[in-house]
Amino acid sequence: MNYFICGEKLLAFNPKCATSTFSWAILRQYYPEIVHELTSNTQWANGGRAEDQMVHRWVPQRVSPYKRQVAQIVREPVDRFCSAVGFMNLLERIGDLDAVINDLINETHGLDGIRGTLAGNFHFKPQSRFSGDITYFRMDQLQECADFLGIEVPLKTINRTKKEKPVLSQNQEDLIRDYYAEDVALWESIQE
């Protein structure tokens with residue numbers, strides 16, 4: 001899953017960058033029949049509602065951006081890393097932030113219940129991996145991104161990280177910035 005189809009445009013699937021919020025908005029804007037199915041005929045765990053779920057897999061997708069305009073939401077790389085660590089509860093699962101960073105950088109052992117290494121997990125893949133005719137938006141430009149994609153339904157924040165995000169030491173932050181050097185360059189290129 002690389003790009004969500006939004007009419008004639010695409011949204012790059014860049015986890016921890018409002019993709020849950022946009023998944024629900026895209027479905028409501030472009031695929032009301034899927035929303036009907038999810039709200040009327042789907043049983044959610046704990047009596048939940050479709051609008052509060054991660055519905056990424058129901059959004060029609062493309063692997064290639066071939067001849068399509070692409071929107072991509074970009075997040076400051078250290079903040080995105082910290083959000084992913086908190087979201088995946090890695091401090092409790094791995095036990096130590098230095099071990100998490102080591103697992104990421106050195107692609108060491110797999111993580112419980114997740115195929116492959118931490119580096120291979122989509123929450124940690126580089127933001128600079130997308131291609132095509134890309135228009136970039138920062139995390140504080142969600143409405144501008146929605147407007148670009150033709151989304152007129154109100155955005156609803158979904159899937160905010162519930163666990164506390166780790167606070168990195170300067171050395172840890174430097175390691176993450178170095179590991180995501182291309183993402184840092186991308187982030188800095190879209191600052192006002």
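Good morning, colleagues. Please bear in mind throughout that the model is predicted.

I begin with the pocket. The largest pocket holds about 600 Å³ of space. Its lining is made up of 30 residues, and those lying nearest the centre are Lys16, Thr19, Ser20, Ile158 and Asn159. Sorted by class, the lining comprises 15 nonpolar, 10 polar and five charged residues.

Which helices supply at least two residues each to this lining? They are helix H1, residues 19-30, and helix H3, residues 77-87. H1 provides the largest share, namely three residues.

I turn now to the helix pair. Two packed helices are described by the angle between their axes and by the distance between those axes. For helix H5, residues 97-106, and helix H7, residues 170-179, the axes come within 11 Å and cross at roughly 15 degrees. Angles under 35 degrees count as roughly parallel, and H5 and H7 are therefore roughly parallel to each other. As for handedness, the crossing in which H5 passes H7 is left-handed.

Which residues meet where H5 and H7 are in contact? From H5 come Leu97, Asp98, Ile101, Leu104 and Ile105; from H7 come Gln172, Leu175, Ile176 and Tyr179. The residues of this contact divide into seven nonpolar, one polar and one charged.

Thank you for your attention.

Conventions. Residues numbered from 1 in each chain as written. Predicted model: local features only at pLDDT ≥ 70, side-chain atom pairs only at ≥ 80, totals over all residues. Heavy atoms only, no water. 1 Å grid on protein atoms, 1.4 Å probe; cavity = no way out; pocket = protein on both sides within 12 Å on 5 of 7 lines; lining within 4 Å. Points joined across faces, edges and corners; volume = space filled by probe spheres on them. Helix = DSSP H or I, 4+ residues; strand = E, 2+ residues; numbered from the N terminus. Nonpolar A, V, L, I, M, F, W, Y, C, P; charged D, E, K, R; others polar. Axes fitted to C-alpha atoms, helices over the stretch in contact; angles between N-to-C directions. Parallel < 35°, antiparallel > 145°, perpendicular 65-115°, else oblique. Left-handed = near helix turned anticlockwise from the far one by under 90°. Contact = heavy atoms within 4.5 Å.
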